[in-house]
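Visitor: I am new to this structure. Please show me how to read its features, one at a time.

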Amino acid sequence: MTTPPSRLQLPPGDWPCLLDGLCARFPRIDRAQWQDRFARGRVQDAQGRALAADQPWQVGLEILYFREVSDEPSIPFREHILYQDEHLLVADKPHYLPVTPAGGYVRETLLARLVAQTGNAGLVPLHRLDRLTAGLVLFSQRPDSRDAYQRLFRERRIDKTYEALAPALPGLAFPLQRLSRIAAGEPFFRMAEVQGEANARTRVEVIAAHGTVWHYRLQPDTGRKHQLRVHMAALGAPILGDDLYPQLQPVADPLQAPPLQLLARALAFQDPLSGERRAFSSERWLQLPERR
């Protein structure tokens with residue numbers, strides 16, 4: 001199976017060549033590994049032409065590179081294709097499975113699996129879910145209609161509904177709106193609420209309030225990284241299974257950790273091509289982790 005390439009638009013930097021810049025940009029990848037990729041034509045321009053390691057660093061240039069991971073762990077949870085037509089594919093993603101290549105995963109990603117199933121190497125996800133979040137992911141099947149569907153997300157014309165299990169919040173009145181400014185935190189992969197004009201908004205409702213864990217409905221109006229996880233933790237109800245918020249919790253084996261109880265339940269929008277109303281719902285369900 002051919003793994004789809006990753007794309008990178010070269011950011012500002014004073015590196016003399018592509019090799020030096022990529023080594024600085026991805027410090028976890030050995031220089032020798034980048035040299036090997038260049039030698040095998042695994043670093044290309046946007047038209048798929050091999051690039052040379054000593055080519056000057058050109059800010060704004062889009063490059064393609066093929067990620068390769070040795071001893072990639074197998075993820076024993078399966079995705080399902082809920083809908084497919086000429087332009088769109090809707091997948092129901094399990095917990096733990098990345099949408100696109102990241103970290104130690106290349107082949108074990110939703111994108112790579114769907115490309116293998118459909119034979120469509122041009123599949124492109126229109127949005128992202130965290131690796132630990134389950135639920136709906138919308139893919140574009142064709143480049144000629146892709147921008148029409150991408151605009152739905154850019155212009156916030158798509159209704160996104162999530163569900164979560166989290167501690168009870170009997171002291172708050174629901175439904176409520178959480179507005180805050182979310183920015184990069186520490187370490188670099190965490191986000192944080194900071195002072196300033198709000199750039200993240202989430203509507204929070206209670207579906208069921210029984211015992212110490214409640215079932216919540218979350219509707220983000222914006223799409224900041226980790227927005228729902230940050231907002232729930234800030235309210236005092238971090239989502240069950242969250243290893244990042246409110247505190248970083250090191251996990252020895254992610255596949256053995258209790259799954260994050262966050263589900264992308266539904267997507268609804270007016271189709272930009274046909275004008276009809278589209279609505280999709282995940283077939284997955286959240287569940288309380290087993291007590292040990």
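Guide: Start with pairing. Two strands pair if DSSP finds at least two bridges between them. Strands themselves (E, at least two residues) are DSSP runs, as are helices (H or I, at least four residues), and both are numbered from the N terminus. Here, strands β2 and β3 (residues 62-65) run antiparallel and are joined by 3 bridges. Asp-45 has Ile-63 in β3 as its bridge partner.

Visitor: What kind of model is this, and how are residues numbered?

Guide: It is a predicted model: local features need pLDDT of at least 70, side-chain atom pairs count only at pLDDT 80 or more, and totals for chains, interfaces and linings use all residues. Residues are numbered from 1 along each chain as its sequence is written, and side-chain values use heavy atoms, with hydrogens and water left out.

Visitor: Which sheet has the order β1-β3-β2?

Guide: That is an open sheet of 3 strands, with antiparallel pairing. β1 (6-9) and β2 (43-45) stand at the edges, and each has a single partner strand, so one side of each lacks a neighbour in the sheet. From one strand to the next, the twist averages 30°. For that angle, axes are lines fitted to C-alpha atoms (for helices, over the stretch in contact), and angles run from 0 to 180 degrees between N-to-C directions.

Visitor: Is Ser-6 buried or exposed?

Guide: Check the cut-offs. Buried means under 20% relative accessible area, exposed means over 50%, and partly exposed is in between (1.4 Å probe, protein chains only). Ser-6 lies in strand β1. At 12% relative accessibility, Ser-6 counts as buried.

Visitor: Which residues is Ser-6 in contact with, leaving aside its neighbours within four places in sequence?

Guide: Contact means heavy atoms within 4.5 Å. With those neighbours left aside, Ser-6 touches Ile-63, Leu-64, Tyr-65, Arg-67 and Pro-101.

Visitor: Now take β13. How many of its residues are buried?

Guide: Strand β13 (residues 262-270) is mostly covered, with 7 of 9 residues buried.

Visitor: Which strands pair with β13?

Guide: Take them in turn. Strand β7 (residues 134-140) pairs with β13 in the parallel sense, over 2 bridges. There, Gly-135 has Ala-264 as its bridge partner. Strand β8 (residues 158-167) runs antiparallel to β13, with 7 bridges. Thr-161 stands opposite Ala-266. Strand β14 (residues 277-281) also runs antiparallel to β13, with 5 bridges. Phe-269 has Arg-278 in β14 as its bridge partner.

Visitor: What lies between the strands in the hairpin of β13 and β14?

Guide: There are 6 residues between the strands, and in this hairpin Gly-275 takes a positive phi near 85°.

Visitor: What other strand does β9 form a hairpin with?

Guide: β9 forms a hairpin with β10, with 6 residues between them. Strand β10 (residues 191-194) pairs with β9 in the antiparallel sense over 4 bridges. Ala-183 stands opposite Ala-192 in β10. Strand β9 (residues 176-184) is also joined to strand β11 (residues 200-210) by 5 bridges, again antiparallel. In that pair, Gln-177 stands opposite Arg-203.

Visitor: How many disulfides does a search of the whole structure find?

Guide: A disulfide is a pair of cysteine sulfur atoms within 2.5 Å. The search finds 0. The sulfur of Cys-17 is 8.2 Å from the closest cysteine sulfur, in Cys-23, which is too far for a bond. Both residues are covered: Cys-17 is buried at a relative accessible area of 12%, and Cys-23 is buried at 16%.

Visitor: Step back. How many helices and strands does the chain have?

Guide: The chain has 5 helices and 14 strands. Its radius of gyration is 20 Å, close to the 19 Å that the globule rule gives for 292 residues, so the chain is as compact as a globular protein of that length. The radius is taken over C-alpha atoms, and the rule is 2.2 Å times the number of residues to the power 0.38. Along its principal axes, the C-alpha trace spans about 60 × 45 × 40 Å.

Visitor: What share of the chain counts as buried?

Guide: Of the 292 residues, 46% count as buried.
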